Amino acid sequence: MTAITLTAGAPGAQILGFGSYRPRRRVTNDELAQTMDTNDEWIQARVGIAERRWAEPDETLLEMSVAAGGKALAASGLDAAELDLVLLASASLPRPIPGLAPEVAHRLGAKRPGAFDVNAGCAGWCYALGSAADSIRSGSARNVLVIGGERLTDYTDLTDRSTAVIFADGAGAAVLGRSQTPGVGPVVWGSDGDQSEAIAIPEGEKAMSMAGQAVYRWATTRLTDTLGEAMRRAGVGPDDIDVFAPHQANLRIIELMARRLGLPERTVIARDIVRSGNTSSASVPLALSALLESGEAKSGDVALLLGYGAGLTFAGQVVVLP
Ligand SMILES: CC(C)(COP(=O)(O)OP(=O)(O)OC[C@H]1O[C@@H](n2cnc3c(N)ncnc32)[C@H](O)[C@@H]1OP(=O)(O)O)[C@@H](O)C(=O)NCCC(=O)NCCS
């Protein structure tokens with residue numbers, strides 16, 4: 001039998017740089033209260049959002065993804081021609097066919113890279129990050145661009161207070177390359193497809209609906225183990241975590257998870273939801289970009305990540321920040 005030859009991989013993958021794009025338009029809670037029966041106090045107390053960004057017509061998913069991807073490339077020091085894989089995580093693609101990742105890659109000037117979209121709900125970017133790191137380790141790719149981009153307002157009823165106050169738009173990205181010392185730990189991913197109705201666009205409808213309380217219960221009871229497993233597989237413990245950046249769905253969930261994990265006082269907790277709302281696949285790279293830009297997180301920090309959402313899906317890993 002003919003033996004198949006495998007490509008030589010790298011000892012590890014590392015994140016080389018982050019980039020982000022936040023839509024221009026800020027929407028405050030008070031602005032929303034003018035058009036629907038809600039108020040700043042309820043939103044801040046229950047979800048933790050003070051304001052969010054909503055994309056304007058020219059801020060398409062393509063444009064936001066290209067902008068975030070371009071900044072991540074610049075931060076990485078690589079040229080677009082050096083990318084051999086581009087992944088776009090999104091749950092709000094403007095069309096089913098064709099996928100958007102090839103066009104994003106082309107706009108960035110990449111030379112015929114592998115390119116595909118990843119739809120794993122709000123866990124999409126962490127799924128894509130795990131796939132990117134594994135591709136580098138196996139030798140399928142050397143340098144990978146991983147974008148999380150969303151225009152959730154296209155799929156939200158902006159008059160429905162149960163979702164309109166929560167979902168928002170934006171894009172975040174990271175470039176990964178080969179490394180001698182692993183900078184991305186093993187991904188712990190999974191799904192609970194029996195709850196696929198919990199966050200969905202019901203058949204025949206145009207806007208998303210969410211069984212908020214059921215998802216809250218699931219996130220706060222089922223996902224602490226995932227975070228523990230991500231640390232265990234990466235060989236680190238709570239005391240090693242410099243930055244905790246879970247999906248930005250609800251500030252109460254973020255703080256509850258941080259308490260349950262027993263993270264030390266010094267750990268920086270991503271609270272980007274306060275000014276960005278819930279941006280699904282974009283939320284983790286947006287939060288990490290903001291922490292690096294503000295100096296709250298620094299190069300070499302060990303970060304614990306977790307994405308979770310529609311599917312229901314979840315994915316977590318430990319990474320070293322660039
Ligand atoms: C969505 C979420 C913020 C809602 O918060 P909650 O505390 O569960 O609120 P409930 O849905 O129980 O609603 C409580 C009350 O507030 C009301 N309410 C709902 N939205 C409101 C709003 N925007 N403003 C004011 N009141 C509101 C409800 O009608 C309800 O009123 P009632 O008690 O008179 O029936 C919360 O459930 C959540 O964050 N869930 C998890 C979301 C998540 O993690 N998603 C995963 C990835 S996308």
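Alanine 290 is found in helix α11, residues 283-294; helices here are DSSP runs of H or I with at least four residues, strands are E runs of at least two, and both are numbered from the N terminus. This is a predicted model, in which local features need pLDDT of at least 70 and side-chain atom pairs count only at pLDDT 80 or more, while totals for chains, interfaces and linings use all residues. Residues are numbered from 1 along each chain as its sequence is written, and side-chain values use heavy atoms, with hydrogens and water left out. Below is a short tour, starting with that alanine and moving on to the ligand.

- Alanine 290 counts as buried because its relative accessibility is 11%; buried means under 20% relative accessible area, exposed over 50%, and partly exposed in between, with a 1.4 Å probe and protein chains only.
- Beyond its neighbours within four places in sequence, alanine 290 is in contact with Arg22, Asp272 and Arg275, where contact means heavy atoms within 4.5 Å.

**The ligand and its surroundings**

- There are 24 residues around the ligand, and Thr38, Arg46, Arg161, Gln213 and Asn250 come nearest; a residue is near a molecule or strand if one of its heavy atoms lies within 4 Å of it.
- Helices and a strand share in this shell: α2 (40-46), α7 (212-222), α9 (251-261) and β13 (302-309) each supply at least two residues.
- The largest share comes from α7, with 4 residues.
- A side-chain N or O atom of glutamine 213 is 2.4 Å from an oxygen atom of the ligand; a polar contact is a pair of N or O atoms within 3.5 Å, and within protein one must be able to donate a hydrogen and the other to accept it, with residues adjacent in sequence counting only if both atoms are side-chain atoms.
- Arginine 46 places a side-chain N or O atom 2.7 Å from an oxygen atom of the ligand, and for arginine 252 the corresponding distance is 3.3 Å.
- Taken alone the ligand exposes 970 Å², of which the protein buries 74%; these accessible areas come from the Shrake-Rupley method with a 1.4 Å probe, and for residues only the protein chains shown count as cover.

**Two buried residues in strands**

- Serine 179 lies in strand β7, residues 169-179, and counts as buried because its relative accessibility is 8%.
- The side chain of serine 179 reaches the backbone oxygen of threonine 181 at 2.7 Å.
- Not counting residues up to four places away in sequence, serine 179 touches Pro11, Gly12, Ala13 and Gln14.
- Arginine 151 belongs to strand β6, residues 144-151, and with 12% relative accessibility it counts as buried.
- Polar side-chain atoms of arginine 151 lie 3.0 Å from the backbone oxygen of glutamate 56 and 2.9 Å from the backbone oxygen of glutamate 59.
- Leaving aside neighbours within four places in sequence, the contacts of arginine 151 include Ala55, Pro57, Thr60, Leu61, Met64, Ser92 and Asp169.

**Backbone features in loops**

- The peptide bond from isoleucine 97 to proline 98 is cis, with omega near -5°, and proline 98 sits in the loop between β4 (85-89) and α4 (101-108).
- A cis peptide bond also runs from glycine 311 to leucine 312, with omega near -15°; leucine 312 is found in the loop between β13 and β14 (313-320).
- Arginine 112 is not a glycine, yet has a positive phi of about 50°; this arginine is in the loop between α4 and β5 (114-118) and counts as exposed at 84% relative accessibility.
- Serine 280 likewise has a positive phi of about 50° without being a glycine; its place is in the loop between α10 (273-276) and α11, and at 3% relative accessibility serine 280 counts as buried.

**Leucine 93**

- Leucine 93 is found in the loop between β4 and α4.
- Apart from neighbours within four places in sequence, leucine 93 is in contact with Leu61, Leu88, Leu100, Asp117 and Tyr155.
- Leucine 93 and aspartate 301 are 208 residues apart along the chain, and their C-alpha atoms are separated by 32 Å.
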